[in-house]
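Thanks for coming. I will go through one chain today, starting with the overall picture and then taking a few places in turn.

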Amino acid sequence: MPEKSGLGSKAFRVGVFVLATLAVLAAALFLIGGKEFRFTSTYHLNTSFKNVAGLDEGTPVRVGGISKGVVEHIDLPKRSDAQVLVATRLDSKTKDVLKKDSVASIKTEGLLGNKYVEISFGSASAERLKDGDTIASQAPIDVEDLIKKTDGILSSAQDTMQSAASIAAKLNNGQGTVGALLNDKGVYRELNNTMTQAQTGTTEFSEDMEALKHNFLLRGFFKKRGYEDEAQLEKTEIARLPSETEQNKFTFDAAKLFTSHTGSKLKDKKMLNQVGQSLATTPFGLAVVIVRGPTIGESDKLLELTGGRAMAVRDYLASNFKVDDSRIRIMGLGKAIDASDANKVEVIVYPPGVNPPAPVKPVPAG
């Protein structure tokens, strides 16, 4: 009986050991599989680079700074004028933010850290991605080239400093015309008196301009252009559209009209020429420049961005076409509520007789 009990105890211990080993293996399998996205719904996305800068298969792919995929394989091109293909596998949830206009780039953790692929968010109005689609890429920064350029800049700066020091020494010793002037106290006094008189004249001119602003005959000219007070510029903003029926309407894509998704500098100004020509040749009562931002982002910043973009469009129309700029108003609506209206620029024109409503600065959307 004791021997039988001993055998049973040994078998029990072996069984426990086997179960524990299987549990550890299963945990490791799920852990590795999770990092490789083996147990989640995924899709494939391709891009290409002229140089992958040391990228390896299995490298993480980040979306919004979060690891959401891996580099599945990297293929050399079949021709010397083609690019290296980088095939990735991504979590299907990323389709909510990645679109056809998303851009892939190779980045480094720190200056000399591990490589990874970063894919930017797409615009709300862009087409959704499908399995196997290809997106654009941005060339990676070559650290070696960067170091060479830095060395060149430092060498150039050193040469410039040496030249400046040489010139300063000559000036200090009175060499050359400028050196003689600087070392001649009589000439210095004359120059000083001249600068004082010039400063006095500038002050008097500013005072005369200020008086002109308040002159009865010229007051309208300055007020019309907002020179009397910078706060006058706020009068170009309105919070609501008139109830009257519009006369004409022009619609543009902000991504094509402006240089970047975060700036208000016009890229393709010629797009607005049809609006300016229409306003210059057809009588109108009011024109409103309406700008909407994307559906995601900070409301305050988007309200500021759309207001600046609307002002840029208004300034272009007022500066390049013979129109009554007092009848061109703006509405920066900030964050778009509906994806169909995201990143849209509109110019709505109302017929003669429609006057601009009282300006009220809009409140940021929640």
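**Overview and selected regions**

The chain has 8 helices and 12 strands. Please keep in mind that this is a predicted model. Of its 366 residues, 28% are buried. The accessible surface is about 23700 Å², and carbon and sulfur atoms account for 57% of that. As for contacts between residues at least 6 apart in sequence, 72% of them join residues at least 24 apart.

Next, confidence. The average pLDDT for the chain is 78, and 69% of the residues score at least 70. Which elements have the lowest and the highest mean pLDDT? The lowest is helix α5, residues 219-224, with a mean of 44, and the highest is strand β12, residues 344-350, with 95. The pLDDT stays below 50 over residues 212-230, a stretch that has 16 contacts in the model beyond near neighbours in sequence. It is also below 50 over residues 362-366, where the model shows 8 contacts beyond near neighbours in sequence. Where pLDDT is low, the predicted coordinates should not be read in detail.

I will stay with β12 for a while. Is this strand enclosed or open to the outside? Of its 7 residues, 7 are buried, so β12 is largely enclosed by the rest of the structure. In a regular strand the side chains alternate between the two faces of the sheet. In β12, Lys344, Glu346, Ile348 and Tyr350 point one way, while Val345, Val347 and Val349 point the other way. Note that the buried residues here include Lys344 and Glu346.

Which strands pair with β12? One is strand β9, residues 248-253, which pairs with β12 in the antiparallel sense over 6 bridges. Within that pairing, lysine 249 has isoleucine 348 as its bridge partner. Another is strand β10, residues 286-291, also antiparallel to β12 and joined to it over 6 bridges. There, valine 289 has valine 347 of β12 as its bridge partner.

Asparagine 343 sits in the loop between β11, residues 328-332, and β12. Its phi is near 55°, a positive value in a residue other than glycine. Is asparagine 343 buried or exposed? Its relative accessibility is 14%, so asparagine 343 counts as buried; the cut-off for buried is under 20%.

Now to another set of strands. Strand β2, residues 60-63, and strand β3, residues 66-75, pair in the antiparallel sense over 4 bridges. Valine 61 has glycine 69 in β3 as its bridge partner. These two strands form a hairpin with 2 residues between them, and glycine 64 in the turn has a positive phi of about 65°. β3 also pairs with strand β4, residues 84-91, in the antiparallel sense over 6 bridges. Valine 70 stands opposite arginine 89 of β4.

Last, the surface. Which residues form a nonpolar patch there? They are Val14, Phe17, Val18, Leu19, Leu22 and Leu25, with about 620 Å² of accessible area together. Phenylalanine 17 belongs to helix α1, which covers residues 2-35. Why does phenylalanine 17 count as exposed? Because its relative accessibility is 59%, and exposed means over 50%.

To go back over two points: β12 has the highest mean pLDDT among the elements of the chain, and 7 of its 7 residues are buried. That is what I have for today.

Conventions:
Residues are numbered from 1 along each chain as its sequence is written. This is a predicted model: local features need pLDDT of at least 70, side-chain atom pairs count only at pLDDT 80 or more; totals for chains, interfaces and linings use all residues. Side-chain values use heavy atoms; hydrogens and water are left out. Patches are made of residues with over 30% relative accessible area and no salt bridge: like charges are joined within 9 Å, nonpolar side chains (Val, Leu, Ile, Met, Phe, Trp, Tyr) within 5 Å. Accessible areas come from the Shrake-Rupley method with a 1.4 Å probe; for residues, only the protein chains shown count as cover. A salt bridge is a side-chain nitrogen of Lys or Arg within 4 Å of a carboxyl oxygen of Asp or Glu. Buried means under 20% relative accessible area, exposed over 50%, partly exposed in between (1.4 Å probe, protein chains only). Contact means heavy atoms within 4.5 Å. pLDDT is the predictor's confidence in each residue, from 0 to 100. Two strands pair if DSSP finds at least two bridges between them.
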